[in-house]
Amino acid sequence: MYKRSNSRVRPWAARAAMVIVLAPGFCYGADPTVFASGLQNPSKIIAGPAGTFVVTETGKDPNSGRVTRLTAAGVTQVLLDGLPSGLSAPNLDPDGVNGLALLGNTLFVAIGEGDTLVSGTAPRTTIANPKGPSSPLLDCVLQVVFSTSIDRLISGFTLKAADHFTLIDGNPVTLTNDAGDKATVTLLALFRARPDPVAIYRNSHPYGLAMFPSDPSRLFMVDAGLNNLVQIDAQSGKSRTLVHFANVPNLSGAPPTSEAVPDSVKVYGNQLLVTLLTGGPFTPGDSRVMIVDPATGDSNVFIALLSSTIDVLFRVKQNGAGQFLVLEFSANLLGGAAGRVKVYDSPQGQVLVDNLKTPSSMTLDAATGNLYITDRTDGTVLMANVGQ
């Protein structure tokens with residue numbers, strides 16, 4: 001997602017009225033170690049049952065997207081392979097499987113734009129791929145129901161090319177693995193690029209998913225292409241735009257604003273936290289975390305003066321204090337600066353983990369205090385203990 005036409009990139013307990021800003025602070029950093037390796041462009045990571053984790057990957061080949069389980073020891077097991085993917089314009093970055101949400105044995109998977117669009121002849125324009133996309137299922141959310149808990153699966157499942165067309169026709173696909181377990185895949189919601197007066201076509205890019213454990217009827221998705229937070233009925237698949245994020249003021253002043261580019265959504269009490277990566281010129285300080293009321297769609301700045309923010313999470317520490325962790329893809333994207341994790345025990349942010357190469361997502365094991373961070377370029381999941 002780290003790209004895009006129209007200058008876009010595809011890379012304590014305060015309420016909405018309180019804006020947290022970054023203030024200089026000492027680095028009490030935690031040194032990360034490699035927890036898992038050998039992954040292909042990992043995009044998102046979430047915690048699974050019994051100490052496991054679930055990661056999305058996308059290779060360079062068409063329809064090489066997959067969902068992979070990591071054991072508590074970092075051992076990988078592909079759960080579902082053959083998912084839609086393609087090389088996205090303009091830089092031919094692998095794109096496909098992104099956001100995840102898990103409820104019991106049901107997994108929701110967001111599929112990005114892949115190669116649905118290609119660069120137009122004019123700068124910053126995109127048009128429909130004249131060769132056709134690698135899959136008819138790009139730009140969608142899939143639902144996968146496993147016959148058993150994912151931590152008990154001993155072998156995975158693979159979608160065939162023909163299955164993509166069965167799904168786009170509105171029919172379910174039931175897969176069987178070597179052990180006789182089953183996975184039933186259905187198309188929950190489909191999104192499409194839209195005509196745009198400047199870009200010709202503006203991509204839809206399903207990128208992050210979240211769900212309230214107390215309300216499994218609603219799924220929330222950030223669309224990094226259309227700059228939307230979308231609510232999806234988890235039963236019918238009917239969707240509506242809950243928030244359209246307006247352009248963000250650009251601190252450099254040229255141009256005056258940057259596109260929002262929402263790339264992560266996380267549950268925070270009865271609210272949602274959404275990170276805005278922002279588009280070009282990627283001025284440090286333009287990025288932010290928004291807080292959204294899902295009942296009304298009311299959206300406000302929550303953490304400000306960030307840089308290329310790509311994920312956020314909230315936790316309650318053992319001493320009862322609330323703490324926010326913010327993942328920045330880069331401290332200065334155009335300057336080639338590394339990514340980092342910032343921590344907010346108070347309105348004064350501090351660097352917790354630094355020198356991250358291409359971080360894309362994070363999750364926390366509250367019981368151990370271990371923070372897990374995906375790195376796209378190295379194909380790894382890093383682990384850093386951040387205390388309890």
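Trainee: What makes the backbone oxygen of Ser43 and the side chain of Ser360 a polar contact?

Mentor: The backbone oxygen of Ser43 lies 3.0 Å from a polar atom of the Ser360 side chain. A polar contact is a pair of N or O atoms within 3.5 Å; within protein, one must be able to donate a hydrogen and the other to accept it, and residues adjacent in sequence count only if both atoms are side-chain atoms. The distance of 3.0 Å is within that 3.5 Å limit. The backbone oxygen of Pro42 lies 3.1 Å from a polar atom of the side chain of Ser360.

Mentor: This is a predicted model, where local features need pLDDT of at least 70, side-chain atom pairs count only at pLDDT 80 or more, and totals for chains, interfaces and linings use all residues. Residues are numbered from 1 along each chain as its sequence is written, and side-chain values use heavy atoms, with hydrogens and water left out.

Trainee: Why is Ser360 called buried?

Mentor: Its relative accessible area is 0%. Buried means under 20%, exposed over 50%, partly exposed in between (1.4 Å probe, protein chains only), so Ser360 is buried.

Trainee: Why is Phe329 called buried?

Mentor: Phe329 has a relative accessible area of 8%, so Phe329 is buried too. Phe329 sits in the loop between β30 (322-328) and β31 (339-344).

Trainee: How do you know that β2 and β35 pair?

Mentor: Two strands pair if DSSP finds at least two bridges between them. β2 and β35 (residues 380-385) have three bridges, in the antiparallel sense, so the two strands pair. In β35, Met383 is the bridge partner of Thr33.

Methods:
Helix = DSSP H or I, 4+ residues; strand = E, 2+ residues; numbered from the N terminus.
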